[in-house]
Amino acid sequence: MQPDYSQPVADYPRYQGKNSPTRTAYLDGAESCTYEELDERSNRVANALISLGCQPGDRVVYLGVNSGPYVEVFFGACKAKTVYTGINWRLTPVELDYIFNDAAAKVVFCDPQFLKMLEGMRASIPSLEQVISVDLAGFTRWRDQHSTADPALEHRADDAIVQFYTSGTTGKPKGVVITNQAMEASRRSEDRYGNWFLQGSRDEVTINAMPNFHIAGLEWLLIGLFRSAKVVLMAAPDPAAFLDLIETEKATHLFAVPVVLAMMLEEQKKTPRDLSSLKVFHYGASPAAPAVLREAIKLMGCGFSQYYGMTEVNGIAVVLSPDDHDLANPERLKSCGKAAPGMLIKICDPDGNELAPNMPGEIWVKTDSLMKEYWNNPQATAEVCVNGWYKSGDGGYLDEDGFLYMSDRIKDMVISGGENIYPTEVENALYEHPSIAEVAVVGVADEKWGEAVKAVAVLKPGLHAGEEELIEFLRERLAGYKIPRIYNFVSELPRTASGKIQKYKLR
């Protein structure tokens, strides 16, 4: 049972609260919440935000891990017509400061462990009026001071409801603005995947472990709640906990990145669990090694589906269905899949001309789920949105059957453990070290994380810097997952005749 596609995201708990009132909406450890309770609690949050003076379009930030309060804040923000802004809590204060100010954050919901850091930043965020701790007892007291009456604000298809930040090649994060219309297009597309996807039956249970500041994390939550599933929340994708929850909660669907899948396989071999309830293991955010997929298909006994997409198209653009995870066709396992229903994919040369099958170029996507804009950045928006097409910056090719295969990226982005890392940002931080004359950052193959971050540096004459020194230097400047763990020191960097660094040689 699911809402009508044309209904705004704010209507998800309204609809399910009336039609599946006693069914569990989410489970957060020992805390559970029915759909009727989620509807009422999100009304309280919405009324609280309105009482704080929040106006439609104001950015409401969430800085914390997956939890019950996160779900309630998200829908409360939707009902108040504010814009939910999920921010990566792994970022440093320097990185967060830029995002808070770019979003003009008015209200921040914050896990207790980040309160001290945030309080130290308040003086540099003039727009910030309220910080609300989301420790369960305190959050509940704050929430329950307000009415359960639905604010009943009018929602439009082009209303912004979500803003996520994705770093650009300049190193400055960009706010991707997603609307109700984009969400509607995604729900319509998913409903045409096939009978292997969530169908809205009473026994469906999903596990939501992807972080709420990623489009994949939020969309996986919404997919489950739209279809009246029971959503089991995890603060972090721990492999052992994943397997335990499949067994104890009889999970039918989950989403994870390939590095977590690989770790789950090792854990399952050591301590087998009953995984018979699992129908489909959904994965994405980075490629999965064919060897890992072959082992997973044999060991886990469920279907597998892969997704390729990006925040700018509200998540999924390409799907490799369970039927295409065929061990008799190993070449197909290297593919990302075919364009999702309602999506158009083409490969273009640098001039925007469409290329023939098997010719590599840049991946372009056309979809009704395209972002509205990059917040406060019309130039960057115009650079990637051309006549309804989104220029992904990723490289790949389509075969004769329409299956997409990734090749070298047009952009030099590194994907490590499902996290996007932009070399320019890391290089800029390394250039602050007094011993660095030149530096280039690339991604190199890594068996565990998919890619690892590698820095190749030229030191200034007479100066020295070792790996450990540079790692410690970067800890205050970058989130831990962005810091290179591999360093090469060279006398010069390879360059083209025009002076551009030849990063393919460094890889």
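Contact here means heavy atoms within 4.5 Å. With that in hand, take the contacts in the protein chain between residues at least 6 apart in sequence: 66% of them join residues at least 24 apart.

Some ground rules. This is a predicted model, where local features need pLDDT of at least 70, side-chain atom pairs count only at pLDDT 80 or more, and totals for chains, interfaces and linings use all residues. Residues are numbered from 1 along each chain as its sequence is written, and side-chain values use heavy atoms, with hydrogens and water left out.

The overall picture, then. The protein chain has 15 helices and 26 strands. Those are DSSP runs, numbered from the N terminus: helices are H or I with at least four residues, strands are E with at least two. The radius of gyration is 23 Å, close to the 23 Å from the globule rule for 507 residues, so the chain is as compact as a globular protein of that length. That radius is taken over C-alpha atoms, and the rule is 2.2 Å times the number of residues to the power 0.38. Along its principal axes, the C-alpha trace spans about 65 × 60 × 50 Å. Buried residues make up 58% of the 507. Buried means under 20% relative accessible area, exposed over 50%, partly exposed in between, with a 1.4 Å probe and protein chains only.

Now two helix pairs. First, a word on geometry. Axes are lines fitted to C-alpha atoms, for helices over the stretch in contact, and angles run from 0 to 180 degrees between N-to-C directions. Under 35 degrees counts as roughly parallel, over 145 as roughly antiparallel, 65 to 115 as roughly perpendicular, the rest as oblique. A crossing is left-handed if the near helix is turned anticlockwise from the far one by less than a right angle, and right-handed if clockwise.

Start with α3, residues 68-79, and α6, residues 136-143. Their axes come within 11 Å and cross at roughly 30 degrees. The two are therefore roughly parallel to each other. The crossing of α3 and α6 is left-handed. Pro69, Glu72 and Val73 of α3 meet Leu136, Phe139 and Arg143 of α6. By class, that contact has four nonpolar, no polar and two charged residues. Ala, Val, Leu, Ile, Met, Phe, Trp, Tyr, Cys and Pro count as nonpolar; Asp, Glu, Lys and Arg as charged; the others, Gly among them, as polar.

Next, α7 and α8, residues 215-226. Here the axes come within 11 Å and cross at roughly 65 degrees. That makes α7 roughly perpendicular to α8. The crossing is right-handed. From α7 come Met183, Ser186, Arg187 and Glu190; from α8, Leu218, Glu219, Leu222, Ile223 and Phe226. The classes are five nonpolar, one polar and three charged.

Stay on α7, residues 180-190, for Asn180. Buried or exposed? Asn180 is buried, at 6% relative accessible area. Leaving aside neighbours within four places in sequence, Asn180 touches Pro8, Val9, His155, Arg156, Ala157, Asp159 and Ile161.

On to the loops. Lys81 sits between α3 and β4 (83-86). Its phi is near 65 degrees, positive in a residue other than glycine. Ala152 lies in the loop between α6 and β7 (160-167). Ala152 also has a positive phi, about 50 degrees, although it is not a glycine. Ala152 is exposed, with a relative accessible area of 59%.

Last stop: Glu468, in α14, residues 467-475. Glu468 is exposed, at 54%. Glu468 and Tyr487 are 19 residues apart in sequence and 9.8 Å apart in space, C-alpha to C-alpha.
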